Amino acid sequence: MTRGPTLPAHRIPHLPGRVAIPTVPEQTRTAPSAPLLEGFNTAPADDARRLLLDCLRSLRWARRVADHRPYPDLESLLAACDEAAYDLTPGDLAEALASETLPTLPYGTYSAAHTALSAAHAAYEARFGHAFVICLDEVTRDETPDRVLEGIRSRLTNDPEEERVVTAEELRNLAKGRLAARLRGARNPALGTNRAISGE
């Protein structure tokens, strides 16, 4: 098997579960908070970029989205995030992947599932040279281990260029989900607080 040429190696911790998943997806479907969007629109550029970097660790992407403020509504902001993410270079993707902070599997996941996922993660990283990322906004916590394992096994059949395209799409979806959660007032521990945009 070959290693993808443009993305850095990313080590697996002592347990599996290094999969980028918004951990409170139901909160991303609530009504947007107008004060939070207004706060994002009027925040100093450094604060806006810092919030965006919490959602996707690409400096070029964060600058581009922040520089086009103000946005009239959340849908316009998310569309701009998507458009900016389509222009990410392989280097930008490598930067984002290397900085992903990935939550653990749900408490109580059987040790057999941990073993299977650990082996699958190792095989994935050996083949592609970066962490496996997947957006599971509509998946319950109980379904997460099976979906992740299924996703890894399925994507291991991709060649490096095919997987680069899939990974970029997953990062785009993760970034939009994380930002939507922040601007709808979700206080997801994986995303931090709303301090940067609400002035708390």
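F40 is buried in this predicted model, because its relative accessibility is 0%. Y71 is buried too, with a relative accessible area of 8%. A search of the whole structure finds three aromatic pairs. F40 and Y71 form a stacked pair, because their ring centres are 6.5 Å apart and their planes meet at 25°. This pair links distant parts of the chain. F40 belongs to helix 1 (residues 34-42), while Y71 sits in the loop between helix 3 and helix 4 (74-86), 31 residues apart. F40 has a charged neighbour as well: R69 lies over its face, at 5.8 Å from the ring centre.

Now look at Y124 and F132. Their ring centres are 5.1 Å apart and their planes stand at 80°, so this pair is edge-to-face. Y124 is buried at 0% relative accessibility. F132 is buried at 1%. Together with F128, Y124 and F132 form one aromatic cluster. Elsewhere, R172 lies over the face of Y86, at 3.9 Å from the ring centre.

Next come the cysteines. The structure has zero disulfides. C55 counts as buried, at 1% relative accessibility. C135 also counts as buried, at 16%.

The structure holds one cavity of 30 Å³ or more. The largest cavity has a volume of about 30 Å³. Its lining is R60, W61, R64, A84, D87 and L88. Three of these residues are nonpolar, three are charged, and none is polar. Helix 3 (residues 59-67) gives the largest share of the lining, three residues.

Notes
Residues are numbered from 1 along each chain as its sequence is written. This is a predicted model: local features need pLDDT of at least 70, side-chain atom pairs count only at pLDDT 80 or more; totals for chains, interfaces and linings use all residues. Side-chain values use heavy atoms; hydrogens and water are left out. A disulfide is a pair of cysteine sulfur atoms within 2.5 Å. Buried means under 20% relative accessible area, exposed over 50%, partly exposed in between (1.4 Å probe, protein chains only). On a 1 Å grid over the protein atoms alone, a cavity is a set of points where a 1.4 Å probe fits but cannot get out, and a pocket is an open set with protein on both sides within 12 Å along at least five of seven lines; lining residues have an atom within 4 Å of a point. Grid points are joined across faces, edges and corners, and a volume is the space filled by probe spheres set on the points. Helices (H or I, at least four residues) and strands (E, at least two) are DSSP runs, numbered from the N terminus. Ala, Val, Leu, Ile, Met, Phe, Trp, Tyr, Cys and Pro count as nonpolar, Asp, Glu, Lys and Arg as charged, and the others, Gly among them, as polar. Rings of Phe, Tyr and Trp (its six-membered ring) pair if their centres lie within 6.5 Å; planes under 30 degrees apart count as stacked, over 60 as edge-to-face and the rest as tilted. A charge sits over a ring if NZ of Lys or CZ of Arg is within 6 Å of the ring centre and within 35 degrees of the ring normal.
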